[in-house]
Amino acid sequence: MNSVELINISKHFGSLMANDGINLKVRDNSVHCIIGENGAGKSTLMKILFGIYRPDSGEIRVNGIPAHFRSAHDAIKLKIGMLHQHFMLVEDFSVIENVILGNELSKGITLDFDKSRQAITGLIEKYNLSLNPDSKVSDLNVSEKQKTELLKLLYRQSEIIIFDEPTAVLSPVEVGEFFKIITKFRDEGKTIIVITHKLKEVREIADDVTVLRRGKSVYSVNRESLDIDVLAKEIVGELEPATALQKINMGNNDIAVEIENIVLDKGGVRKLDGLNMKLRKGEVYGVCGVEGNGQGEIADLIFGLEKYSSGKFITFSDLISLIPDDRIEKGMIKEFSVGENVILKNKNINIISKNLIAKTTSEIVSKYDIRLSDYNAPLQSLSGGNQQKVIFAREIELDNDILVFAHPTRGVDINASAFIHSVIISERNKGKTVLLISSDLDEIFFLADRIGVLYKGKIVREFSSNELSSKSEEDVDVLLEKIGKLMIGITVEE
Amino acid sequence: MDIFGYIISLSFLAQVLRLFTPYYLGASAANFSERGGVINIAIEGFMITSAFCYALFAVLTGNVLLSLFLAVTINILFSLLYSAFTIKLKINQIVTGVGFNLLMAGLAKFIMMLIFRSSSNTPRIESLPHIPFIADMPGIGKVLADYIIIFTFLLVPISQYLIYKTKFGLRLRSAGENPAAAESLGVNVRNYKLYGVMLSGFLSALAGIWLASNQNSFSDGMIAGRGYIAIAAMIIGKWKPWNIFWACIMFAAFEAFEISLQISGINFPSQLLQMLPYLITVLVLIGFIGKTKPPAADGIPY
């Protein structure tokens, strides 16, 4: 039996065919992954299934019955729930208030907080969510906010749940927890649809996979006959992933940034607690850790956005590029166009003409393969991966000495990730100093010359390039496990 | 007159209560609108409208209760017009508000000129009836025997309850904090914004009517910036009913003090004294209460 059937769905925006005759069958009680590159049409398709967009043509069937959605509300009535990539939470509300909003339990006109709390605590315990229902959402970290979104769906007894890139904001440990929750949902009879572009995740959780490429459903396979190499080819199509550049050692590895015993408090909370780091020229230093252990503050410290209360900070150059962890809030002006966002950071430009904007845009667009419909469109109208490419391109083009990149490939597809990685290596080979902050251990392993594990505002262990150069797969696994433990504060015996 | 003896006297307290009433009604009016995400800087204009309409109908009909009813109704209709501009047509809320304020001040003068041949004030009108038993009480009984003053005091716990403990309040706040999230959960955001603005129209009507009734006429400029001070009190009170209550008490106390200084004949420039409430707002905002945070989506059309 199929919970969801999408038959020949098409949807266009302007001249762009976002969905072009897509077919999708989601079996009852299964985890179905939808994989594809940025702009392949995954999010559009799911928004159609959730009633946010109306398809130009095609049919939606839910539990075998044709459905016509006028709004998300109609989808919710059929017990479809969606966990959006960008959270839809009221920051000033408690978890309880966020969950009950729209479906309140009341005694007369008074809200029944006791009964609501009971119901929500029950769900929290059942799914092991470890969350305080009375905390204010603005005090929660990303993973807890995601759990609050999950509670909203569970409270409304959603049976078909769509996740839009749910792991993009989670650390490896949290991803593990999250997958356990998904599996539990499936085991009790819910149907799960996950949008992703991570092959690793598909291998881990998918019962079925459908590949979308340029608006078409090109390939479907179930768990038994899943072959990751075949899948990767189907995702990128005829294009071959860019080959990785070799790291070349230039020999001049002088210290570029020296951080000694830095203490930094923010809003009364100690964010960096005796941080020690030395960044060298021609080297990628990787910082890994569970989100919220001071990653953002390291980036802000080096870039000069945060003041430290004690310690020593020396940098040989103040030409610093930064990709902040929260690109939408800190990295760009979302209402500005691509060209305007790029020009904004260029100190040498004083007079801005239409031509200059057009020229800047076309240079960046062709060099970094950015897909946009209109040069004047605000940056926020681009897909997440393309926004990230714009910011990355701007920071690289500035040709600064020190590059601080937080999650440079978050939300970016395979091809673009490979491209970003090769640019980072070539910048390193030019003698630039790179600080890479990432929650993706594979990325850190691939790029970093040295790795520091960050826990509670300090580097608890640093791995030298010698330690990392071990080649065998088992060694890597041992190393990965060790780092994973250090990240959550378990001391490892050496 | 012994000014310090006066400050601790009952008549000073009575004066504070009288000044407090329009401030709190106005501040509460502004708060219900902003909690739903609509900035209502037109409180001043709403108060002018209701004060004028009340006085106009009182003169024409001689029936104060009928006039009260008509003035409230007209003010709510004006709030619907304000909603049409700000919620439906999504016109900038500050521009709309300032426009309403200027329009209402001018319109009142214009109509007075047409009907009463005077652009400065209406003929004398009767006061609203008093509450019989309380009026006979000694001390400040005369002040407390006022239905609108009693209502204003009850309004503090009522708003607190309405905003934080009811479904209405939760949805109203969600519309002011994150309308997109509220909409995704099936909350009709525009309706709740509309309710907020209508409550605003109702409460500011009471403020205007009370002022006209107490002064026994409507005169040009009689609202005298009270609508703006009410908004300042709402900000100082951080959009919370009890905090707003204390902010309004503070403004009223300073104003009562200013008036008593003037009466006492102490030689002090009155302009400086009248500046006091605004100076206090600035000082309080920069120093004493820390950062105030409006509803996250306040003022953004949705």
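Okay, let's start with one residue: Asn261(A) is partly exposed, with a relative accessible area of 48%. On that scale, buried means under 20% relative accessible area, exposed means over 50%, and partly exposed is in between, using a 1.4 Å probe and protein chains only. Before I go on, the background: this is a predicted model, where local features need pLDDT of at least 70, side-chain atom pairs count only at pLDDT 80 or more, and totals for chains, interfaces and linings use all residues. Residues are numbered from 1 along each chain as its sequence is written, chains are lettered from A and ligands numbered from 1 in the order in which they are written, and side-chain values use heavy atoms, with hydrogens and water left out.

Back to Asn261(A), then. You'll find Asn261(A) in strand 13, residues 255-266 of chain A. Strands (E, at least two residues) and helices (H or I, at least four) are DSSP runs, numbered from the N terminus. Leaving aside neighbours within four places in sequence, Asn261(A) is in contact (heavy atoms within 4.5 Å) with Gly274(A), Leu275(A), Asn276(A), Ser310(A) and Gly311(A). Ala377(A) is another story: 116 residues along the chain from Asn261(A), with 45 Å between the two C-alpha atoms.

Now, rings. A pair of aromatic rings is described by the distance of the centres and the angle of the planes. Rings of Phe, Tyr and Trp (its six-membered ring) pair if their centres lie within 6.5 Å; planes under 30 degrees apart are stacked, over 60 edge-to-face, and the rest tilted. Over all chains, that rule gives 23 aromatic pairs. Take Tyr127(A) and Phe185(A): they pair edge-to-face, 5.1 Å centre to centre, with 80° between the planes. Why does that pair tie together parts 58 residues apart in sequence? Because Tyr127(A) is in the loop between helix 4 (113-126) and helix 5 (142-155) of chain A, while Phe185(A) is in helix 6 (residues 172-187) of chain A. Both Tyr127(A) and Phe185(A) are buried.

For a tilted pair, look at Tyr308(A) and Phe313(A), with ring centres 6.3 Å apart and planes at 55°. Tyr308(A) is partly exposed, at a relative accessible area of 32%. Over in chain B, one aromatic cluster is made of Phe20(B), Tyr24(B), Phe153(B), Trp242(B), Phe245(B) and Trp246(B).

The cut-off is NZ of Lys or CZ of Arg within 6 Å of the ring centre and within 35 degrees of the ring normal. Lys281(A) lies over the face of Phe316(A), 4.1 Å from the ring centre, and the charged end of Arg461(A) sits over the ring of Phe463(A), 4.2 Å from its centre.

Next, helices in chain B. The expected span of a helix is 1.5 Å times one less than its number of residues. Helix 3 of chain B has 19 residues and should span 27 Å; its end C-alpha atoms are 26 Å apart, which agrees. Of those 19 residues, 16 are buried, so helix 3 of chain B is largely enclosed by the rest of the structure. Just after helix 3, Gly62(B) takes a positive phi of about 75°.

Helix 4 of chain B, residues 64-88, has 25 residues and reaches 34 Å from first C-alpha to last, close to the expected 36 Å. At its start, a side-chain oxygen of Asn63(B) comes to within 3.1 Å of the backbone nitrogen of Leu65(B). (A polar contact is a pair of N or O atoms within 3.5 Å; within protein, one must be able to donate a hydrogen and the other to accept it, and residues adjacent in sequence count only if both atoms are side-chain atoms.)

What covers the buried residues of helix 4 of chain B? The cover includes helix 3 (43-61), helix 5 (93-116) and helix 11 (189-215) of chain B. One of those buried residues is Ser79(B), at a relative accessible area of 0%. Ser79(B), leaving aside neighbours within four places in sequence, is in contact with Phe46(B), Val197(B), Met198(B) and Gly201(B).

Last stop, where the chains meet. The contact takes 19 residues from chain B and 21 from chain A. Together they bury about 1,700 Å², 63% of it on carbon and sulfur atoms; buried area is the accessible area (1.4 Å probe) that two parts lose on being put together, summed over both. In chain B, Leu170(B), Ser184(B) and Leu185(B) lose the most area to chain A, together 34% of what that side buries.
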